[in-house]
Amino acid sequence: MDTIERVADIRAHTGEGPLWHPDERRLYWVDIPAGRLYRYDPATDEHERVYETDADPLGGFTIEADGALLLFTHGTVSRWDPSAETGTAEPVAEIDAATRFNDVIADPEGRVFCGTMPGEHELGDLYRLEPDGTATLVVEDVDIANGMGFSRDTETFYFTESEAHRIYAFDYDRSTGDLTSERTLLETPADDGVPDGMTVDEEGSIWSARWNGGRVVRYDSDGTAVDEIDLPARKVSAVTFGGPEYRDLYLTTALADGNRSDEGDGAGALFRVPDVGVAGVPEFRSRIALE
């Protein structure tokens, strides 16, 4: 039986986007609507809020090649240096998106794929942000753009459309960033929670968090479910690997507008599952406006 550790009991509205920072050996994650960035240090077992936006939701972030964090809010992309004495973030790019960002991932060449939420009169989209700061719309009309990842050979890009209950696979061209040959890798039952954030382990399997499903599910690269871990929170929002050897699984959860009597005793907390039997791999780093 997996050991589930509650490592930061912050009661986030929407905890999301966990990423292990290998330079610091600490984990970062966000509470999206609150615009807050948190950091957890497993060496001290302590967590802290390290950054907060003025008003905008903080939809996600990547780690830059130099160790800074690239923050995505509503159309604005900013750099924040965790080692700097000031707590300000410097805008480096603008993306003409109608709604806020929801999930982002760096690719092997330092680009960033960034999805947006649906709005009152429009669906979301998926953009590709280039290192020079220009952005291209690559997938239109997405009903909640969510978890993304790459196959171990980097020839396939995975992309979650939450409200469609699907994870798609695309052929991915590393040299250009182009996505082609879209197909449905897997579709989850409508009454079994919603696929949310995801990560890919060293064996090429996909770990998909299940919003309103109370767990994370591991799938083979062909879309077959092979394992799952239950959490004491209904809304499991995202998942990543961390630790010096990337053998610990970290999971964010959401309290949303509910309470723990309905959403689970751990709703909104950050969890860790030590050594799940397979290791993850370091996420790619972005290189936006660094050259």
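A salt bridge, the term needed for the first stop, is a side-chain nitrogen of Lys or Arg within 4 Å of a carboxyl oxygen of Asp or Glu. The model on screen is predicted, so local features need pLDDT of at least 70 and side-chain atom pairs count only at pLDDT 80 or more, while totals for chains, interfaces and linings use all residues. Residues are numbered from 1 along each chain as its sequence is written, and side-chain values use heavy atoms, with hydrogens and water left out.

**First stop: charged pairs**

Side chains of opposite charge can pair when their charged atoms come close.

Select Arg 26 and Glu 24, which form a salt bridge whose closest N and O atoms are 3.0 Å apart. For the surroundings of each residue, note that buried means under 20% relative accessible area, exposed means over 50%, and partly exposed lies in between, with a 1.4 Å probe and protein chains only. Arg 26 counts as partly exposed because its relative accessibility is 21%, and Glu 24 counts as partly exposed at 22%.

Next select Arg 174 and Glu 109, a salt bridge in which the closest N and O atoms are 2.6 Å apart. This pair links distant parts of the chain, 65 residues apart, with Arg 174 in the loop between strand E16 (166-172) and strand E17 (179-187), and Glu 109 in the loop between E10 and strand E11 (112-116). The element names used here come from DSSP runs numbered from the N terminus, where helices are H or I runs of at least four residues and strands are E runs of at least two. Arg 174 is partly exposed at 38% relative accessibility, and Glu 109 is partly exposed too, with a relative accessible area of 35%.

Now move to Arg 215 and Glu 228, whose side chains meet in a salt bridge at 3.3 Å, N to O. Arg 215 sits in strand E20 (residues 215-219) and Glu 228 in strand E21 (residues 225-230), 13 residues apart. Arg 215 is buried, with a relative accessible area of 11%, whereas Glu 228 counts as partly exposed at 40%.

**Second stop: the largest pocket**

A pocket is found on a 1 Å grid over the protein atoms alone, as an open set of points where a 1.4 Å probe fits, with protein on both sides within 12 Å along at least five of seven lines; lining residues have an atom within 4 Å of a point. About 560 Å³ of space lies in the largest pocket, a volume being the space filled by probe spheres set on grid points that are joined across faces, edges and corners. Of the 35 residues that line the largest pocket, select those closest to its centre, which are Leu 19, Ile 105, Met 148, Thr 199 and Glu 283. Among the elements that give two or more residues to the lining are strand E2 (15-21), strand E10 (101-106) and strand E14 (145-150), and E2 gives the most, with five residues.

Select Gly 147, which is found in strand E14 and counts as buried because its relative accessibility is 0%. Leaving aside neighbours within four places in sequence, Gly 147 is in contact (heavy atoms within 4.5 Å) with Asp 103, Tyr 158, Phe 159, Thr 160, Asp 196, Gly 197 and Met 198.

**Fourth stop: the nonpolar cores**

A nonpolar core is a set of buried Ala, Val, Leu, Ile, Met, Phe, Trp, Tyr and Cys residues joined through side-chain atoms within 4.5 Å. The largest has 27 residues, and those with the most contacts inside it are Trp 29, Trp 207, Ile 229, Leu 249, Leu 251, Leu 270 and Val 276. Apart from this core lies another, of 14 residues, among them Ile 105, Phe 113, Val 142 and Phe 157.

**Last stop: two backbone angles**

Select Arg 11, in the loop between E1 and E2, where phi is positive at about 55° although the residue is not a glycine. Then select Ala 256, found in the loop between E23 and helix H1 (260-263), where phi is near 55°, a positive value in a residue other than glycine. Ala 256 is partly exposed, with a relative accessible area of 22%.
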